[in-house]
Amino acid sequence: MYRIVIADDHGLYRRGLRLALTAGIPGAEIFEAACFDAVVNLLEEQASIDLAILDLNMPGLFDQQVLSEVLSAYPHTRFAIVSGDDSRSEILTALSIGLHGYIVKSQKDEEVVLAVNEILSGRIYVPALLSRTSGDQRSYAALPSAKNSIRRRVGSSDLGRLTSRQKDVLKLMAEGYSNKEIARNLDIAEATTKIHAAAILRELGVRNRTEAAVLLQTWQSRNAS
């Protein structure tokens, strides 16, 4: 029996995809997630997730660095992107990170089921439209590298975009706790801590934990005065 996570913040799409996979892959156990924290919790708490299908545009701060941490933390799970963007650049970028497939939301149900079966079988899936000739020369907009993040001063809006779990992790990071200590304090896996830490650095536009701590302390001082 396959165990599959569908992660998308649009409930209608999640339910539609769930119905398609349930009909096309009998016996599959399907889990749904609407945000980053829910995805990470499912990967941590549910043993042996075979495939996680992720929408990059859902709340959760996904980017190359964060996805790399997720792939590293769960080497026995296969990961695919589902997106409304069918540009060659986005598909190739996703595959270059090490993801196992790219599904376009406009594809028919039978094509999506075929894609999922291909990925579950250990193969890499790319939609047929990748073979089209295209003048699309856009840069990798959907998967921005953390190295190219725009540096900015942190404000309440920046912190507000962090999930509740990421705020907990950031507070402990700022207090100098290691990933292992944070994991112990929050009762989560160390690998999960690394995933949240990568997302925090990306969202705050900083290079390391020290800069994240300084930004948090600066924000706290400014709001306390």
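1. R165, D168, V169, L172 and M173 in α7 meet I182, N185 and L186 in α8. Contact means heavy atoms within 4.5 Å. The residues of this contact divide into 5 nonpolar, 1 polar and 2 charged. Ala, Val, Leu, Ile, Met, Phe, Trp, Tyr, Cys and Pro count as nonpolar, Asp, Glu, Lys and Arg as charged, and the others, Gly among them, as polar.

2. This is a predicted model: local features need pLDDT of at least 70, side-chain atom pairs count only at pLDDT 80 or more, and totals for chains, interfaces and linings use all residues. Residues are numbered from 1 along each chain as its sequence is written, and side-chain values use heavy atoms, with hydrogens and water left out.

3. Helices α7 (residues 164-174) and α8 (residues 179-186) pack at about 130 degrees, their axes 10 Å apart. Helices (H or I, at least four residues) and strands (E, at least two) are DSSP runs, numbered from the N terminus. Axes are lines fitted to C-alpha atoms, for helices over the stretch in contact; angles run from 0 to 180 degrees between N-to-C directions.

4. The sheet is open, with 5 strands in the order β2-β1-β3-β4-β5 and parallel pairing. Strands pair if DSSP finds at least two bridges between them. The edge strands are β2 (29-33) and β5 (101-104), each pairing on one side only. Twist averages 20 degrees from one strand to the next.

5. Helix α2 (residues 36-45) packs on the sheet, touching β1 (3-7), β2, β3 and β4. The direction of α2 makes about 145 degrees with that of β2.
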